[in-house]
Amino acid sequence: LYDGVQTSMKTARFLADQMARLEAAGIRTFLIRGNHDALSKLTKELVLPPSVKVFGARAETVVIETGARPVAVHGISFAKPQAPESLLDRFGPPLPGAFNIGMLHTSLAGAPGHDRYAPCSVAELQATGYDYWALGHVHIRAEWPGRSLVVMPGMPQGRDMGEAGEKSVTLVTLADDGSMRAVPRALALARFERVEVASSAADWPDLVA
């Protein structure tokens with residue numbers, strides 16, 4: 001939610017207002033804290049609507065009775081900015097008869113340009129028996145089908161030229177028959193792209209002109 005040490009209450013108030021909009025629409029929200037959120041005092045002090053569940057540093061499970069079968073959301077937050085060890089062994093088993101969702105901030109087996117956080121493998125995630133894993137940390141979207149559908153949604157807005165290209169979130173729809181569909185939704189208000197321009201300009205001022 002926050003990129004580093006956030007100090008602006010304007011940003012925090014904006015977040016609270018958006019969570020209130022979701023509550024007014026009857027939409028539950030589940031949040032986990034990653035390395036950046038663990039640094040932010042505002043994240044810890046902000047008062048959010050009752051419909052928002054912020055998972056703590058101990059793994060928890062929230063069960064929602066809705067549709068043809070209940071939904072169990074399993075999550076854990078970073079207690080500190082660093083999480084060098086796997087957190088998977090802290091999660092409980094899947095709830096029988098429910099659609100089980102796991103939420104985890106992780107670098108998986110490692111990614112270029114990203115520090116190591118709560119490392120684990122896709123195979124280990126799928127071996128938990130959960131139906132869906134919603135991951136955070138790496139800013140590039142990736143999807144791994146299998147026993148569990150594992151999705152790293154990326155980010156909704158690139159921050160600079162180093163994060164060029166389309167940015168998105170993932171909308172996951174669960175049907176009453178148990179089938180699941182994950183669709184990326186592009187949301188970025190501004191998109192960074194690298195464009196090659198041919199020029200015969202001899203120096204920088206001429207090139208800019």
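**Exercise 1. Which residues make the nonpolar surface patch of about 360 Å² in this predicted model, and is W204 buried or exposed?**

Solution. Start with the membership: W204, L207 and V208 form the patch, which covers about 360 Å². Next, place W204 in the fold: it belongs to helix α5, residues 204–208. Finally, check its accessibility. The relative value for W204 is 61%, and the cut-off for exposed is over 50%, so W204 counts as exposed.

**Exercise 2. Find where I140 lies, and decide whether I140 is buried or exposed.**

Solution. Begin with the loop between β6 and β7 (142–144), where I140 is located. Then take its relative accessible area, 58%. Since exposed means over 50%, I140 is exposed. Now look for its partners: leaving out residues up to four places away in sequence, I140 touches M152 and G154.

**Exercise 3. Which members of the largest nonpolar core touch the most other members, and which residues does L104 contact?**

Solution. The largest nonpolar core has 19 residues, and those touching the most other members are L88, F91, L104, L108, L125, W133 and L135. Turn to the secondary structure: α4 (122–126), β6 (132–137) and β8 (149–152) each supply at least two residues of this core. Then zoom in on L104. Beyond its neighbours within four places in sequence, L104 contacts I32, I76, L87, L88, F91, C120, L125, W133, A134, L135 and G136. To finish, pick out the second, separate core: it has 14 residues, among them V62, F99, M103 and L149.

Key: Residues are numbered from 1 along each chain as its sequence is written. This is a predicted model: local features need pLDDT of at least 70, side-chain atom pairs count only at pLDDT 80 or more; totals for chains, interfaces and linings use all residues. Side-chain values use heavy atoms; hydrogens and water are left out. A nonpolar core is a set of buried Ala, Val, Leu, Ile, Met, Phe, Trp, Tyr and Cys residues joined through side-chain atoms within 4.5 Å. Buried means under 20% relative accessible area, exposed over 50%, partly exposed in between (1.4 Å probe, protein chains only). Helices (H or I, at least four residues) and strands (E, at least two) are DSSP runs, numbered from the N terminus. Contact means heavy atoms within 4.5 Å. Patches are made of residues with over 30% relative accessible area and no salt bridge: like charges are joined within 9 Å, nonpolar side chains (Val, Leu, Ile, Met, Phe, Trp, Tyr) within 5 Å. Accessible areas come from the Shrake-Rupley method with a 1.4 Å probe; for residues, only the protein chains shown count as cover. A salt bridge is a side-chain nitrogen of Lys or Arg within 4 Å of a carboxyl oxygen of Asp or Glu.
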